[in-house]
Amino acid sequence: MSKLTYFFSDAEFDGPVPGENSMISFGCAAYDEGGTEIGSFERNLLPLEGAVRHPRTMSWWETEPEAWAATQTNQVPPEAAIKDLVDWVRALPGDVLFCAAPLIAEGLWFDHYLVKFTDYRVAMPFTDDPLFVGDGLDVMSYAQAVLGWARTPIRKELPPKLLEGVNHTHLAIDDARGHAAVFFNARRFKTT
């Protein structure tokens with residue numbers, strides 16, 4: 001088995017539906033098996049052609065003006081951002097595991113953009129050249145298993161020990177690093 005690289009992702013968007021709405025920003029941080037960050041990648045995206053902003057999501061963004069302003073700087077076309085992301089992932093060492101919190105939401109957004117602009121998907125079980133290995137890792141489900149809880153927690157319910165190093169700002173790269181912190185904290189918690 002090849003060395004594993006953990007790829008933690010976070011996306012910000014202007015509505016709940018990939019394609020109908022747009023991903024406006026994403027951040028990704030790659031970690032080795034010991035929990036050391038080995039690289040990061042982030043982009044702010046122009047909206048998809050024909051997509052609309054969802055009023056409820058935009059009302060929420062009004063409560064986060066600094067984060068919203070940050071997503072509106074240095075925007076690039078989504079096709080270029082996703083192709084650059086693929087090149088970055090391909091250059092990472094070993095097998096790359098897609099990790100997110102929650103996997104279902106982040107995975108859907110990244111999968112939509114990968115399918116739209118490349119030949120890759122988040123999970124591609126029947127190919128000789130996948131971008132990521134396996135089906136992905138849901139950080140909060142991992143924390144749930146480590147804690148022995150009956151349901152998946154939300155971030156604010158986690159014990160302080162799992163939240164060390166988490167800086168949740170709604171800036172995608174900060175949040176991706178926060179997901180990594182929860183995961184590696186949970187791994188250490190499991191072994192104590």
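Which residue in S5 does Leu4 stand opposite? Here are a few notes that lead to the answer and go on from there.

1. A word on the model: this is a prediction, where local features need pLDDT of at least 70 and side-chain atom pairs count only at pLDDT 80 or more, while totals for chains, interfaces and linings use all residues. Numbering runs from 1 along each chain as its sequence is written, and side-chain values use heavy atoms, with hydrogens and water left out.

2. Leu4 stands opposite Asp95 in S5. Strand S1 (residues 4-13) and strand S5 (residues 95-100) pair in the parallel sense, over five bridges. Strands here are DSSP runs of E, at least two residues, and helices runs of H or I, at least four, numbered from the N terminus; two strands pair if DSSP finds at least two bridges between them.

3. Stepping back, six strands form an open sheet with mixed pairing, in the order S4-S3-S2-S1-S5-S6. At its edges are S4 (75-76) and S6 (137-138), each pairing on one side only.

4. Helix H4 (residues 103-117) packs on this sheet, touching S1, S2 (23-31), S3 (37-45), S5 and S6; contact means heavy atoms within 4.5 Å. The direction of H4 makes about 85° with that of S1, using lines fitted to C-alpha atoms (for helices over the stretch in contact) and angles from 0 to 180 degrees between N-to-C directions.

5. On cysteines, the structure holds zero disulfides, a disulfide being a pair of cysteine sulfur atoms within 2.5 Å. The cysteine sulfur nearest to that of Cys28 belongs to Cys99, 11 Å away. Cys28 is buried, with a relative accessible area of 0%, and Cys99 is buried, also at 0% (buried means under 20%, exposed over 50%, partly exposed in between; 1.4 Å probe, protein chains only).
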